[in-house]
Amino acid sequence: MTQKVCFLSIQQTSYWKRAFLMSATVVLGAQWGDEGKGKLVDILSADIDVCARCAGGNNAGHTIVVPVGPEKVKKTFAFHLLPSGLVNPKCTGLIGSGVVVHLPSFFNELDALESQGLDCSNRLFISDRAQLVFDFHQIVDGLKEVELGGSSIGTTKKGIGPAYSGKASRSGLRVHHLFDHETFAQRFRKLVEGRFKRYGTFEYDTEGEIDRYKILAERLRPFVIDSVVYIHQTLSSGKKVLVEGANALMLDIDYGTYPFVTSSSTGIGGVCIGLGIPPKLIGHTIGVIKAYTTRVGGGPFPTEQLNDVGVHLQEVGREYGTTTGRRRRCGWLDLVVMKHSNLINGYDSLNLTKLDVLDDLDEIQIGVKYLVDGKELPGFPADLDVLDQVQVEYVTLPGWKSPIASVTNYQELPRNCREYIEYIESFLKVPVRWIGVGPGRESMITK
């Protein structure tokens, strides 16, 4: 009997060891995007076999600063559609089925990276189920914004929303459609005609596009795979997979500040949908949170600071969009947003970024409650009219008034700085494991 119990214990240990190895680590934006996910992905990718994108398109943007070559010259790489784990020359990039792909942008980005010395040969793949974004989607994106007028949602005009609309209405074209050119051409003409009927005839060379995509299809062919089979084979073989989220939870189509959101599922559910993996294959989930809050485009922003603090955060934090160049709106850290985000995504740990931007402030505020008519709301409201009315209750902590960019050890951070971090951990009940104190790869403290 004793031997049998021992045998079962060994079997169980072996099972759980295999289960741990067969899981993906996920990095997700926890606020309104632009939290600095790319740098953490870059660091983690040094020990990762596959870095995968699961949702969004080239409306995302990650800027990574890394030393390159024997002289360790710092280079800045801008990623929009391609997985930023490609910075590691041993890491393979995967664009999953949930991503919408604008092929000219795909190749422009690939060519730009390779011109900077980043060889991506034989280590970049794209799902045959991924939806295609065309130039007419981008035109329609702009026309829809004009229609909305004062209610504009602040789209990047990359065609992402119209492409996801086509996907939902089952009229879109996917990557695999490219390889039957005659059928592709017929469906493409029908799509464009439908847009003409809806928005009026705009300037667009339909036949020229069909010819262009015949050429692009052949260039794309070596990159195309059945990503479902690939990701499961990768995980079952014990290789390490890192999923790079795009955008962030507050831009999620269901749980963000709708309609001022993107058109995809940006949370943990979008990982399963976009890569074709079940929840049990998701291991550690990391939320990336900026030490303050930013957002771009329209929509309510309760902790926004339209004052000297907001200007400080914007200028010192260099808050300009990687993809659009737009100025980002800035405000204090909002833990009501973070609590909502954590309830949905269930973070195992956090990466707190751009903490050094707060160095010169005398005091720092953190939003901890939303009040309407003096009563605390139980969560983040779905109704934006309610959100517009909230009064934010803040706690005020003293600043540390000293530079932290050169600090490499948590205990060497100023006491007030550590207390700021520990307040966040205590409020959310999630540990902060990584702390960004500057833009470079080396400017990350592991706690």
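1. In this predicted model, Lys167 is in contact with Ser97, Gly98, Gln131 and Gly172, once its neighbours within four places in sequence are left aside. Lys167 belongs to helix H5, which comprises residues 160-168. Its relative accessibility is 33%, and Lys167 therefore counts as partly exposed.

2. Lys167 is one of the residues that the UniProt record, an unreviewed entry, annotates as "active site"; the annotation also covers Asp34 and His62. These residues span 134 residues in sequence, and the farthest two C-alpha atoms are 26.0 Å apart, so they do not all gather at one spot.

3. His62 is located in strand E3, formed by residues 62-68. With a relative accessible area of 8%, His62 is buried, because buried means under 20%.

4. A separate point concerns the packing of helix H3 (residues 103-115) against helix H7 (residues 206-220): the axes are 11 Å apart and the angle is about 50°. H3 and H7 are therefore oblique to each other. Their crossing is left-handed.

5. Which residues form the contact of H3 with H7? From H3 come Leu103, Pro104, Phe106, Phe107 and Asp111, which meet Arg212, Tyr213, Leu216, Arg219 and Leu220 in H7. Of the residues in this contact, 7 are nonpolar and 3 are charged, with no polar ones.

Key:
Residues are numbered from 1 along each chain as its sequence is written. This is a predicted model: local features need pLDDT of at least 70, side-chain atom pairs count only at pLDDT 80 or more; totals for chains, interfaces and linings use all residues. Side-chain values use heavy atoms; hydrogens and water are left out. UniProt positions are given in the numbering used here, feature names are shortened, and annotations may be inferred rather than shown by experiment. Helices (H or I, at least four residues) and strands (E, at least two) are DSSP runs, numbered from the N terminus. Buried means under 20% relative accessible area, exposed over 50%, partly exposed in between (1.4 Å probe, protein chains only). Contact means heavy atoms within 4.5 Å. Axes are lines fitted to C-alpha atoms, for helices over the stretch in contact, and angles run from 0 to 180 degrees between N-to-C directions. Angles under 35 degrees count as roughly parallel, over 145 as roughly antiparallel, 65 to 115 as roughly perpendicular and the rest as oblique. A crossing is left-handed if the near helix is turned anticlockwise from the far one by less than a right angle, and right-handed if clockwise. Ala, Val, Leu, Ile, Met, Phe, Trp, Tyr, Cys and Pro count as nonpolar, Asp, Glu, Lys and Arg as charged, and the others, Gly among them, as polar.
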